[in-house]
Amino acid sequence: MIKLENVDFSYQPQAGGIVPALSGVNLEIKPGEFVVIVGHNGSGKSTLAKHLNVLNKPTSGEVWVNEMNTKAEANLWPIRSYVGMVFQNPDNQIVSTVVEDDVAFGPENLGVDPAKIQKYVDESLEIMHLTDIRDSAPHMLSGGQKQRVAIAGVLAMRCQIIVLDEPTALLDPDSRREVLESLHRINREEKLTVVLITHYMEEAIGADRIVVMDGGKVVLQGTPREVFAQVDKIRALSLDVPMVTQIAADLYARGYDVPPDCLSEEEVVDAICRSL
Amino acid sequence: MPIVVKDLEHTYMEGTPFANKVLYGVNMTVEDGELLGLIGPSRSGKSTLVQYFNGLFIPEKGQVRVDSLDTRENRKNLKALRQKVGLIFQYPEHQLFAETVSKDVGFGPRNLGLDEKEITRRVWHSLEAVGMDPKIYWNRYTFALSGGQKRRVAIAGVLAMQPKVLVLDDPTAGLDPKGREEILSMVKQLHENLRVTIVFISNNMEDVARLAQRVVCLAQGKIVMSGKPIEVFTQVEMLKSMGLGVLPTISIIQKLRDRGLNVPLNTLTVEETVEALIASGVVRRRERQYGTF
Ligand SMILES: Nc1ncnc2c1ncn2[C@@H]1O[C@H](COP(=O)(O)OP(=O)(O)OP(=O)(O)O)[C@@H](O)[C@H]1O
Ligand SMILES: Nc1ncnc2c1ncn2[C@@H]1O[C@H](COP(=O)(O)OP(=O)(O)OP(=O)(O)O)[C@@H](O)[C@H]1O
Ligand SMILES: [Mg+2]
Ligand SMILES: [Mg+2]
């Protein structure tokens, strides 16, 4: 469970004045939820994500992770072992020359009992379908595989919440699908809470909830269907709706018999066939 | 400035146990003034290939001619070549090194020995072209930018050199939809107004479909497809087998055709597809209303 209460945050680059990045953010994320955060460049997504594992602390307001306040020094490591982060560039996250060692790095760093590490690593590799390539060199892997290694590293730390800051931005279409499918799998089967930041609206379709940020504030939230039905509002926030929804919404706007909030190709195709 | 690539091969770490052959005899041409999209699965060698276009790599096997000059025979002129062929790297945010935004964008022009007035003018226009208001960002520290803002500044830095050929390696990754739109229309404008030749690498097939005049697909170190966007993006089986996915627009039309509806498979963008659906009469005007709409 994550709770942000009236969170304000400003960066203070030396001599460069103050850059406000979050203002009055209230947000709750429930255990087991799959939440996607979208918003334009500079809207505060990464700043918010970094509050979830104490890379940032609020300038004012409170952040609670599993009832632990991120302000208390003593909570730092318990929170970091509860909330794992995965970032955009897979190459910057790799620390070892062998996949398996890379996955073990996190729990070793947290001081997990060495007897348990092997078990956790084995399980995480299995869940991420990486067992076959556990002995490979990470730099020989595709971007999608590298991101799955990074996710396995978080699983091996036994984190309950995984926060991913644009993990698919640099990947090709198949790798993107591969990463997204594995996130849905760990959410469904391992009951992990997933917080995913992305600029690909398609990736938000399967979420439980979409949170939209603008100018450091949460300005809109709801199920994918609720959010993407508001095409004009979404566009006004510098965002867009998935291509499939665009087609349906455009047909609807021109007076045709297709529901405007379709989220999948099948829905559009079915609606067209039904209308005949 | 045409670029002609002949039988180009590339091996990383040649002669070591880690030798990794990436290009297996690439043949292609970038025509003068065209807007070319370069696609291909991850690790297919796209970024490797384009580094030959501006002389960062010089062929060991094969040949690369830029503006009819063989890059291997003109090693002394590489500096001039790099000025004419601007390369915006993948993850260009790593290229930012100056303290402030305006210093970073002005770095190249300053190196050319231009006067301060001209430098300021170029920096200003380049920032505007990438949607970063110069009035707000001129003195901003480069580290104090979001990921997408850094990317825009990096692109502005290459634009400020006013290259004749612009190679953009996955320039919209990590940009918000509006930023993507801005970069795409900026590329279009550079192409139309300034007649810059453009090579556009992308992992986002939507962007390539919207922008490119011609699409070239690299896979396993060779060119496997080349043609108009519509020709390439309707090669559904081929694209799937390479892991490049199929555009939802193409896929929806394909599914309707599979169900026996007569819709032509010749549209790529949302706008075109909506028109085609209406024109072919497969959608009915609505009588009943849906819920809250
Ligand atoms: N280290 C920093 N120092 C000062 N200001 C910063 C710093 N990092 C980000 N900012 C500013 O804070 C605001 C929010 O940035 P943040 O990185 O959270 O945005 P974002 O939504 O993640 O954007 P993107 O989609 O581009 O990654 C922006 O105005 C940005 O310029
Ligand atoms: N500096 C390097 N040293 C060794 N191998 C490299 C280097 N750069 C790239 N490679 C390898 O060359 C191959 C092709 O890489 P390249 O970056 O050209 O592909 P790409 O098509 O641009 O991929 P992506 O879509 O992921 O950007 C990959 O196997 C990669 O690991
Ligand atoms: Mg960010
Ligand atoms: Mg590349």
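How many nonpolar, polar and charged residues does the shell around ligand 2 have? By class, that shell has 3 nonpolar, 10 polar and 3 charged residues, where Ala, Val, Leu, Ile, Met, Phe, Trp, Tyr, Cys and Pro count as nonpolar, Asp, Glu, Lys and Arg as charged, and the others, Gly among them, as polar. The structure is a predicted model, in which local features need pLDDT of at least 70 and side-chain atom pairs count only at pLDDT 80 or more, while totals for chains, interfaces and linings use all residues. Residues are numbered from 1 along each chain as its sequence is written, and chains are lettered from A and ligands numbered from 1 in the order in which they are written.

Ligand 2 lies between chains A and B, and 16 residues surround it, the closest being B:Tyr12, B:Ser42, B:Lys46, B:Ser47 and B:Thr48; a residue is near a molecule or strand if its C-beta atom, placed from the backbone, lies within 6 Å of it. In chain B, β2 (20-30) and α1 (46-50) each supply at least two residues of this shell, and α1(B) gives the largest share, 3 residues. Such elements are DSSP runs numbered from the N terminus, with helices (H or I) of at least four residues and strands (E) of at least two.

Ligand 1 also lies between chains A and B, and of the 20 residues around it, A:Tyr11, A:Ser46, A:Thr47, B:Ala144 and B:Gly148 come nearest. Two or more residues of its shell come from each of β2 (19-29) and α1 (45-51) of chain A and α6 (147-159) of chain B. By class, the shell around ligand 1 divides into 7 nonpolar, 11 polar and 2 charged residues.

Turning to the two chains themselves, 44 residues of chain A are in contact with 42 residues of chain B, a contact being two residues whose C-beta atoms, placed from the backbone, lie within 7 Å. On the side of chain A that touches chain B, the elements giving two or more residues are α6 (173-189), α9 (243-253) and α10 (265-275) of chain A, and this side has 21 nonpolar, 15 polar and 8 charged residues.

Strands β7 (residues 165-169) and β8 (residues 197-201) of chain B pair in the parallel sense over 5 bridges, and B:Leu168 stands opposite B:Phe200 in β8(B).

By contrast, β9(B) and β10(B) pair in the antiparallel sense over 5 bridges, and they form a hairpin with 2 residues between them, where B:Gln220 in the turn has a positive phi of about 45 degrees.

Note on methods. Two strands pair if DSSP finds at least two bridges between them.
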